[in-house]
Amino acid sequence: MIKIHVGTDREYDILIEKGLLKDCGALTAAVKAPCRAMLCCDETVASLYGEPVRASYEEAGYQTALFTFAPGERSKNMGTLTRLLEAMGAAELDRGGLLVALGGGVAGDLGGLAAALYRRGIDYLQIPTTVLAGVDSSVGGKTAVDLACGKNMAGAFWQPILVLCDPETFETLPPETYAGGMAEVVKYGMIFGGRPWELPPAEMVAACCRHKRDVVEADEKEGSRRMLLNFGHTIGHAVELASDYTVPHGQAVAIGMAAMARAAEGQGLAPAGSARELEAVLTGLGLPIATGIPTDAVKAAARADKKRGAAGITIVIYDRLMKITMEQLDQMIEEGLA
Ligand code: NAD
Ligand code: MG
């Protein structure tokens, strides 16, 4: 079993092993005595893994209740959050209760926020079942729901007490969801070096989690170091927004990384041939490197990006941060997506 320690204000371990899911109850009991536990997952994940996970917790002595919601980003809202909080109340979780967020980033963000709010904060743990959740969203303690005014607009920093990742669960992912998570894996490789996408699943998750751990430890609240993890995300977010979210996040990040790589190379900010190399990796993983969305629409969406400061925007070129004006970003989008 691979164990990664995260030394944020509230310390915890990430445990990664194929087949670990069946032992999640016992592994949790090692850090938190059996109590009332609310299992939070979407309906797809519930039908695949809900019963074995619940049985494992019951066997370890926890009294479990199950909360499910319709799969997808649309469920990551205040309505679902309220229903979850009420379900926790109905299940009589007290301040010593536990929330188990099982599934992708939606279950993690929603469940984590419910844990942060319920009775002013209870313990929770993450059991990621998507590549994206395993390598990204389950680490770092960011929780949120979406509001009508934007994605992740209501949230909290709330660290889990444990993260349990069983890469065997990735085997049931739809190909597009699997590939989307791999875009974040490529991102880590481009920022920190190495080729994590070529590793076996458990080692791949571990390599990415170590990078994210190092960044969040150095910079627990959003700051300059954490911004490195936005490689591909400035243009990626704009593509997502301009497509009205029909291009999924991972695929948009792949397009964003490729566009940034091409623009940076074109402006002499990255070595010759580097964009081609990245494109080959992304294509090999079944990810897109271009979009049919007009560049003007992408530019307009980029101007609405929440990370924009008054003076301009900080972009990421592989492992470097660069402050540029919105006009310079327009030019990079133009060059990168032409
Ligand atoms: P998701 O949770 O919606 O999961 C994607 C789809 O995969 C869903 O339909 C789900 O039912 C299905 N699924 C999950 N596990 C499965 C499995 N093992 N087998 C078969 N199907 C399975 O989405 P996601 O891509 O995991 O996460 C995206 C969310 O994560 C977004 O809301 C994003 O904002 C958030 N996020 C949060 C952070 C953070 O730091 N908190 C970081 C990145 C992304
Ligand atoms: Mg991302």
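Start by selecting helix α8 (residues 233–242) and helix α11 (residues 295–303): their axes lie 8 Å apart and the helices pack at an angle of about 110 degrees. That angle makes α8 roughly perpendicular to α11. This is a predicted model, in which local features need pLDDT of at least 70, side-chain atom pairs count only at pLDDT 80 or more, and totals for chains, interfaces and linings use all residues. Residues are numbered from 1 along each chain as its sequence is written, chains are lettered from A and ligands numbered from 1 in the order in which they are written, and side-chain values use heavy atoms, with hydrogens and water left out.

Helices are DSSP runs (H or I, at least four residues), numbered from the N terminus. Axes are lines fitted to C-alpha atoms over the stretch in contact, and angles run from 0 to 180 degrees between N-to-C directions. Angles under 35 degrees count as roughly parallel, over 145 as roughly antiparallel, 65 to 115 as roughly perpendicular and the rest as oblique.

Stay on α8 and α11. Show I235, A238, V239, L241 and A242 in α8; they meet A297, V298, A301 and A302 in α11 (contact means heavy atoms within 4.5 Å). By class, this contact of α8 with α11 has 9 nonpolar, no polar and no charged residues (Ala, Val, Leu, Ile, Met, Phe, Trp, Tyr, Cys and Pro count as nonpolar, Asp, Glu, Lys and Arg as charged, and the others, Gly among them, as polar).

On the α8 side, select H233, I235, G236, H237, V239 and E240; on the α9 side, H249, A252, V253, I255, G256, A259 and M260. The contact of α8 with α9 has 7 nonpolar, 5 polar and 1 charged residues.

Next, select helix α3 (residues 78–90) and helix α4 (residues 105–117). Their axes come within 10 Å and cross at roughly 55 degrees. That makes α3 oblique to α4. T80, L81, L84, L85 and M88 of α3 make the contact with L110, G111, L113, A114 and L117 of α4.

Finish at ligand 1. It is surrounded by 26 residues, the closest being D42, E73, T129, T130 and T172 (near means a heavy atom within 4 Å). Zoom in on E73: an N or O atom of its side chain is 2.5 Å from an oxygen atom of ligand 1. For the side chain of T130, the distance from an N or O atom to an oxygen atom of ligand 1 is 2.7 Å.

Conventions: Helices (H or I, at least four residues) and strands (E, at least two) are DSSP runs, numbered from the N terminus. A polar contact is a pair of N or O atoms within 3.5 Å; within protein, one must be able to donate a hydrogen and the other to accept it, and residues adjacent in sequence count only if both atoms are side-chain atoms.
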